[in-house]
Amino acid sequence: MNLKETLLAIVRQTLEEAPPQTLFRPEDEAAILKVKDVALQAKEEMVKGFYDTLFSHPKTAQVFREGERPAREKTLEGWIERTFSGPIDEEYWLLEAATGVMHLSRGVTFAQGGVMFSWIGEQVARRASSSFSPEDVLAFSLAWSKLTALILGVTQAAAGFAMMQAIGQGSGLEPALVQRLAAQGMSELVEGWRASLR
Ligand code: HEM
């Protein structure tokens, strides 16, 4: 399997692990696409607000390199266009998993990514509420929570794979062995935590 096939297999497995009735469905995609014009009209304003927020806080500002902001604004614009145009298909999940791992490798945390997803969702929901029904805004917000929970989920799965590969390369151990050792070590560790936290 090449890298793309491997990541696709990880994405598929992650999506299969969740109960199907809870997954992102065509009606969720429709709820997001319904407010597309609102999101695209507010794109530039949102991109500016997004990076103003990240640059106003030292712990997020420190992630960026000198002069990087214009490039990041362009990639976020592209992300908004892609997400609000669809399709939310396997290629989308794959792209999100890879992008998520790129973020982690730059030191962006899940918490930082997660809150900024919520930030974008809130910006769109607030603007949509002046021209859409409360039902449409609710449907969008629920779909957005699912979408972003799954983006974090596929990112976590792809990051686990990347970490095992990296430890394997650094240590000379087979990644599958690293994974077994990590899983075994974790259950022992957690037993210890149970004992000390109760
Ligand atoms: C809603 C959450 C976010 C979205 C949708 C988003 C979107 C993106 C996209 C599409 C890219 C380009 C990836 C590529 O090269 O293909 C990117 C890169 C990047 N983002 Fe974000 N981002 C988010 C949150 C954040 C946060 C919270 C930070 C920092 C605290 C951040 C910092 C970066 C950095 C440093 C890169 C460059 C990664 C690299 O190629 O080295 N992003 N982002």
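How do the residues of the shell around the ligand divide into nonpolar, polar and charged? Ten are nonpolar, six are polar and two are charged. This is a predicted model.

## Overall fold

The protein is built from helices. There are ten helices and zero strands. Read along the sequence, the pattern is α-α-α-α-α-α-α-α-α-α. The C-alpha trace spans about 55 × 45 × 45 Å along its principal axes.

The protein has 198 residues, and 17% of these count as buried. Residues 24 or more positions apart account for 77% of them.

## Around the ligand

The shell around the ligand holds 18 residues. Those that come nearest are T60, T75, W79, Q112 and M116. Of the elements, α8 gives the most, with five residues.

One of the shell elements, α6, has 17 residues. From its first C-alpha to its last, α6 reaches 24 Å. That is close to the 24 Å expected at 1.5 Å a residue.

Just after α6 comes G86, with a positive phi of about 70 degrees. The peptide bond from G86 to P87 is cis, and its omega is near -5 degrees. P87 sits in the loop between α6 and α7. For background, most residues other than glycine have a negative phi, and most peptide bonds are trans.

## The nonpolar core

In soluble globular proteins, nonpolar side chains tend to be buried together. Here, the largest nonpolar core has 27 residues. Within this core, A97, F140 and V154 touch the most other members. Six helices each supply at least two residues of the core: α1 (3-17), α2 (26-34), α3 (36-41), α7, α8 and α9 (134-171). Among the elements, α9 gives the most to the core, with ten residues.

F140 shows what such packing looks like at one residue. Neighbours within four places in sequence are left aside here. F140 is then in contact with A31, I32, K34, V35, V124, A125 and A128.

A159 lies in helix α9. Is A159 buried, partly exposed or exposed? A159 counts as partly exposed, because it has 18 C-beta neighbours inside 10 Å, and a buried residue needs 20 or more.

Which residues does A159 touch, not counting those up to four places away in sequence? They are G100, V101 and L104. A159 and L104 are 55 residues apart along the chain, yet 7.8 Å separates their C-alpha atoms.

L3 lies in helix α1. L3 counts as exposed, because it has 10 C-beta neighbours inside 10 Å, and the cut-off for exposed is 12 or fewer. L3 and G153 are 150 residues apart along the chain. Their C-alpha atoms are separated by 19 Å.

Technical notes: Residues are numbered from 1 along each chain as its sequence is written. This is a predicted model: local features need pLDDT of at least 70, side-chain atom pairs count only at pLDDT 80 or more; totals for chains, interfaces and linings use all residues. A residue is near a molecule or strand if its C-beta atom, placed from the backbone, lies within 6 Å of it. Helices (H or I, at least four residues) and strands (E, at least two) are DSSP runs, numbered from the N terminus. Ala, Val, Leu, Ile, Met, Phe, Trp, Tyr, Cys and Pro count as nonpolar, Asp, Glu, Lys and Arg as charged, and the others, Gly among them, as polar. Two residues are in contact if their C-beta atoms, placed from the backbone, lie within 7 Å. A nonpolar core is a set of buried Ala, Val, Leu, Ile, Met, Phe, Trp, Tyr and Cys residues joined through C-beta atoms within 7 Å. The expected span of a helix is 1.5 Å times one less than its number of residues.
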